[in-house]
Amino acid sequence: MPNSPSPVIHIPLYCDHYASDHDIRYMVELHLACLDSYFSHENTYDLLVTTNDIRPLEVLMTYRERARRRFELRLVSCND
C-alpha cells in the first residue's frame, strides 16, 4: 500500500460580520473547548483553524501562543 499523506483536520469558524461581540465570544469559547479536547486526546494530525473575522482570530492567536499549541491559523475571505 503506498504511503498516503497524513490528514489535516480543519476546524472553521465563520462569522457574520454583523454578529455581536457577545455572539462571537460564545462561538470562540466553543472553539477553544473543541481545541482543548483535540489536544487533550493527544491527537497528532495537522490542524488548520480558519476564520473570516479578525475578532476570533486575535483570541485564537493568543490561545495558540499562551497554550503553546501547534496548529495553523488562517484569516480567510469569501474569495478563498
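Is His 31 buried or exposed? His 31 counts as buried, at 10% relative accessibility. The views below come from a predicted model.

**View 1. His 31 in helix 1.** His 31 belongs to helix 1, which spans residues 21-40. With a relative accessibility of 10%, His 31 is buried, because buried means under 20%. Apart from neighbours within four places in sequence, His 31 is in contact with Ile 11, Pro 12, Leu 13 and Val 49. Helix 1 itself lies across strand 1 and strand 2, and runs at about 165 degrees to strand 1.

View 2. Three strands make up an open sheet, in the order 1-2-3, with parallel pairing. Strand 1 and strand 3 (72-75) are the edge strands, each pairing on one side only. From one strand to the next, the twist averages 20 degrees. Strand 1 and strand 2 run parallel and are joined by six bridges. Strand 2 and strand 3 also pair in the parallel sense, over four bridges. Helix 2 packs on this sheet and touches strand 1, strand 2 and strand 3. The direction of helix 2 makes about 165 degrees with that of strand 3. Strand 2 is largely enclosed by the rest of the structure, because five of its six residues are buried.

**View 3. Thr 51 and its bridge partners.** Thr 51 is part of strand 2. Its relative accessibility is 0%, so Thr 51 counts as buried. Leu 13 has Thr 51 as its bridge partner in strand 2, and the bridge partner of Thr 51 in strand 3 is Leu 75. A polar atom of the Thr 51 side chain lies 2.8 Å from the backbone oxygen of Leu 13. Leaving aside neighbours within four places in sequence, Thr 51 is in contact with Leu 13, Tyr 14, Cys 15, Pro 56, Leu 57, Arg 74, Leu 75 and Val 76.

**View 4. The largest nonpolar core.** This core has 16 residues. The members that touch the most other members are Leu 35, Phe 39, Leu 47, Val 49, Leu 60, Phe 71 and Leu 73. At least two residues of the core come from each of strand 1 (8-13), helix 1, strand 2 (46-51) and helix 2 (54-67). Helix 1 gives the most, with five residues. Around Val 49, the residues touched are Ile 11, His 31, Leu 35, Leu 60, Phe 71, Glu 72, Leu 73 and Arg 74, not counting residues up to four places away in sequence.

**View 5. Cys 15 and Cys 34.** A disulfide is a covalent bond between the sulfur atoms of two cysteines. The structure holds zero disulfides. For the sulfur of Cys 34, the closest cysteine sulfur is that of Cys 15, and at 14 Å it is too far for a bond. Cys 15 counts as buried, at 7% relative accessibility, whereas Cys 34 is partly exposed, with a relative accessible area of 35%.

**View 6. Ser 40 in helix 1.** Ser 40 is placed in helix 1 (residues 21-40). Ser 40 counts as exposed because its relative accessibility is 52%, where exposed means over 50%. The Ser 40 side chain reaches the backbone oxygen of Ser 37 at 3.0 Å. Ile 9 is 31 residues from Ser 40 along the chain, and the C-alpha atoms of Ser 40 and Ile 9 are separated by 15 Å.

View 7. Most residues other than glycine have a negative phi. Glu 42 is not a glycine, yet has a positive phi of about 55 degrees. Glu 42 sits in the loop between helix 1 and strand 2, and is exposed, with a relative accessible area of 66%. Arg 68, although not a glycine, also has a positive phi of about 55 degrees. The loop between helix 2 and strand 3 holds Arg 68. Arg 68 is exposed, with a relative accessible area of 76%.

Notes:
Residues numbered from 1 in each chain as written. Predicted model: local features only at pLDDT ≥ 70, side-chain atom pairs only at ≥ 80, totals over all residues. Heavy atoms only, no water. Buried < 20%, exposed > 50% of the residue type's maximum accessible area, 1.4 Å probe, protein only. Polar contact = N/O pair within 3.5 Å; in protein donor to acceptor, adjacent residues only side chain to side chain. Core = buried A, V, L, I, M, F, W, Y, C linked by side-chain atoms within 4.5 Å. Contact = heavy atoms within 4.5 Å. Disulfide = S-S within 2.5 Å. Pairing = 2+ DSSP bridges. Axes fitted to C-alpha atoms, helices over the stretch in contact; angles between N-to-C directions.
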